[in-house]
Amino acid sequence: VASDQLDGVMTAAIVARWLRLHGKEWKVGAIIGRSDIDPLEKLNTIKGALIYLLDLQPNMLSESAIRQIMQGNRIAYWCSDTPTSKTIIETLGTTPIPSDLSIARSGLCCAELTAKRLLPNDATAQTLTSLARDIKLWRRSDEQATRLADIAASGYDTKKLIDMLSKGVVW
């Protein structure tokens, strides 16, 4: 499950790459957009899965919503570069969920946090991280990053984009 922003797309591609390199099957269960008023609605369609929540702000979900998601699934990893409330972190702290969440800004985008955790020495992951950082931090100095952000925002099939990026296809 990823946000529809470029950082979320790149983070999902890094996780997909990591899973693929470890011989695991994967699929994108849901893309949460800025216009989604109730992300829980999309998350409730996923059952019996190992879930990676990528570039999703924990503050978007209540404590009860998080517990509801965890009833039918297992959250394998949760990454957000947005400061998170202590209450949410405490709720997650009751279960062993690897996460990159904090109550303060780290200065890193989700793609960076995830690549450091899963694929710290992978050249493709580093490329995806660099492209995500260029857009997330409003540098906009990389034409390729701008082009990919435009593709992600254009309505192009995000799941297909994640698959291609995870294979190193960045045009």
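User: Which residues of H6 and H7 meet in this predicted model?

Analyst: In this predicted model, Leu 131, Asp 134 and Ile 135 of H6 are in contact with Gln 144, Ala 145, Thr 146, Leu 148 and Ala 149 of H7. By class, this contact has 5 nonpolar, 2 polar and 1 charged residues.

User: What makes H6 and H7 roughly perpendicular to each other?

Analyst: The two helices pack at an angle of about 80°, and their axes are 9 Å apart. Angles of 65 to 115 degrees count as roughly perpendicular. H6 and H7 are therefore roughly perpendicular to each other.

User: Why is Asp 134 called buried?

Analyst: Asp 134 lies in helix H6. Buried means under 20% relative accessible area, and Asp 134 has 5% relative accessibility, so this residue counts as buried.

User: What does Asp 134 contact, leaving aside its neighbours within four places in sequence?

Analyst: Asp 134 is in contact with Arg 139, Arg 140, Ser 141, Asp 142 and Ala 145. The side chain of Asp 134 also reaches the backbone nitrogen of Asp 142 at 3.2 Å.

User: What makes H1 and H6 roughly antiparallel to each other?

Analyst: Helix H1 (residues 6-21) and helix H6 (residues 123-136) pack at an angle of about 170°, with 9 Å between their axes. Angles over 145 degrees count as roughly antiparallel. The conclusion is therefore that H1 and H6 are roughly antiparallel to each other. On the side of H1, the contact is made by Leu 6, Asp 7, Met 10, Ala 13, Ile 14 and Arg 17. On the side of H6, the residues include Leu 128, Leu 131, Ile 135 and Lys 136. By class, the contact has 9 nonpolar, 2 polar and 3 charged residues.

User: Which residues have the most contacts inside the largest nonpolar core?

Analyst: This core has 36 residues, and those with the most contacts inside it are Met 10, Leu 148, Ile 162 and Leu 165. Among the elements that each supply at least two residues are H1, H6, helix H7 (143-153) and helix H8 (158-166). H1 gives the largest share, 9 residues. A second, separate core of 15 residues includes Leu 53, Ala 65, Met 70 and Trp 78. In soluble globular proteins, nonpolar side chains tend to be buried together.

User: Which residues does Ile 162 contact, leaving aside its neighbours within four places in sequence?

Analyst: Ile 162 is in contact with Val 9, Ala 12, Ala 13, Ala 16, Trp 26, Val 28 and Ile 31.

User: How do you know that H5 is mostly covered?

Analyst: Of the 9 residues of H5, 7 are buried. They are Cys 110, Ala 111, Glu 112, Leu 113, Thr 114, Ala 115 and Leu 118. These buried residues pack against H1, E4, strand E5 (99-100) and H6.

User: Why is Lys 116 called exposed?

Analyst: Lys 116 lies in helix H5. Exposed means over 50% relative accessible area. Lys 116 has 57%, and is therefore exposed.

User: What makes Asp 55 buried?

Analyst: Asp 55 lies in the loop between E3 and helix H3 (63-72). The cut-off for buried is under 20%, and Asp 55 has a relative accessible area of 10%, so this residue is buried.

User: How do you know that the side chain of Asp 55 makes a polar contact with the side chain of Lys 136?

Analyst: A polar contact needs a pair of N or O atoms within 3.5 Å. For the side chains of Asp 55 and Lys 136 the value is 3.1 Å.

User: How many helices and strands does the protein have?

Analyst: The protein has 8 helices and 5 strands. From the N terminus on, the elements run β-α-β-α-β-α-β-α-β-α-α-α-α. Of the 171 residues, 48% are buried.

Key:
Residues are numbered from 1 along each chain as its sequence is written. This is a predicted model: local features need pLDDT of at least 70, side-chain atom pairs count only at pLDDT 80 or more; totals for chains, interfaces and linings use all residues. Side-chain values use heavy atoms; hydrogens and water are left out. Axes are lines fitted to C-alpha atoms, for helices over the stretch in contact, and angles run from 0 to 180 degrees between N-to-C directions. Helices (H or I, at least four residues) and strands (E, at least two) are DSSP runs, numbered from the N terminus. Angles under 35 degrees count as roughly parallel, over 145 as roughly antiparallel, 65 to 115 as roughly perpendicular and the rest as oblique. Contact means heavy atoms within 4.5 Å. Ala, Val, Leu, Ile, Met, Phe, Trp, Tyr, Cys and Pro count as nonpolar, Asp, Glu, Lys and Arg as charged, and the others, Gly among them, as polar. A nonpolar core is a set of buried Ala, Val, Leu, Ile, Met, Phe, Trp, Tyr and Cys residues joined through side-chain atoms within 4.5 Å. Buried means under 20% relative accessible area, exposed over 50%, partly exposed in between (1.4 Å probe, protein chains only). A polar contact is a pair of N or O atoms within 3.5 Å; within protein, one must be able to donate a hydrogen and the other to accept it, and residues adjacent in sequence count only if both atoms are side-chain atoms.
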